[in-house]
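Keep the structure open as you read.

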Amino acid sequence: MNVRGVEMNITITKPETKHTKAIAKICATGWRQTVEGVLSENYQIENVHFWYNENKVYHDIKAGTYSHIALLHDEVVGVIGGGMTGENVGEIFVLYVDETLRYKGIGRLLLEALTKQQLESDATEQWVSVQEGNMRGIPFYEARGFVFQGKKTTVTETGEKQTSLRYNRQLAE
């Protein structure tokens, strides 16, 4: 992969349990950046501890929740997770790229790999939730044909309101 004049040897592959620590770190860092200044430090710590602890990530890799990783010289630099949430409905659960390598096409490659997998499972549409105000994620998905469908506000365990924006796009082979 040649990106902006920089030679990058990116490989998209299925994650293995040996990638657990790197996936946990990329996801924890990426998620915290999406809610920085929106949700309290206390909630961020609790959420990261629940979703991105190494034991949970290990089991989620085994279960196939983390669908693909991006490797640069055998180092995990990005991850995507998703699955089928309905008969013809694919969902993106997570998509994070190492912050030092963002905007170089890695996220696009990960999304393409998951989309291909979901098309093979007969998905005709794909959904994603993006934290309100996430100016890394929103433009990324909109540029790839995702259309805003609505807001979903939940109350966290710490009593804070968290608002996700729901996007979808139609898939065609």
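What follows moves from a strand pair to a helix and then to one glutamine.

This is a predicted model: local features need pLDDT of at least 70, side-chain atom pairs count only at pLDDT 80 or more, and totals for chains, interfaces and linings use all residues. Numbering starts from 1 along each chain as its sequence is written, and side-chain values use heavy atoms, with hydrogens and water left out.

Start with β8 (residues 147–155) and β9 (residues 161–170). They pair in the antiparallel sense over eight bridges. Pairing requires at least two DSSP bridges between the strands; helices (H or I, at least four residues) and strands (E, at least two) are DSSP runs, numbered from the N terminus. Lys 152 stands opposite Ser 164 in β9. Five residues lie between the strands of this hairpin, where Gly 159 takes a positive phi near 85°.

Now take helix α2 (residues 41–51). Its buried residues are Tyr 43, Gln 44, Asn 47 and Val 48. Buried means under 20% relative accessible area, with a 1.4 Å probe and protein chains only. Down the axis of α2, these residues fall within an arc of 130°, so they line one face of the helix. The arc is taken over directions from the helix axis to the C-beta atoms. That buried set packs against α1 (20–35) and β9.

Finally, find Gln 131 in strand β7 (residues 125–131). Gln 131 is buried, at 9% relative accessible area. Beyond four places in sequence, its contacts (heavy atoms within 4.5 Å) include Thr 34, Val 35 and Gln 162. The side chains of Gln 131 and Gln 162 are joined by a polar contact of 3.0 Å. Such a contact is a pair of N or O atoms within 3.5 Å; within protein, one must be able to donate a hydrogen and the other to accept it, and residues adjacent in sequence count only if both atoms are side-chain atoms.

Terms used. Buried means under 20% relative accessible area, exposed over 50%, partly exposed in between (1.4 Å probe, protein chains only).
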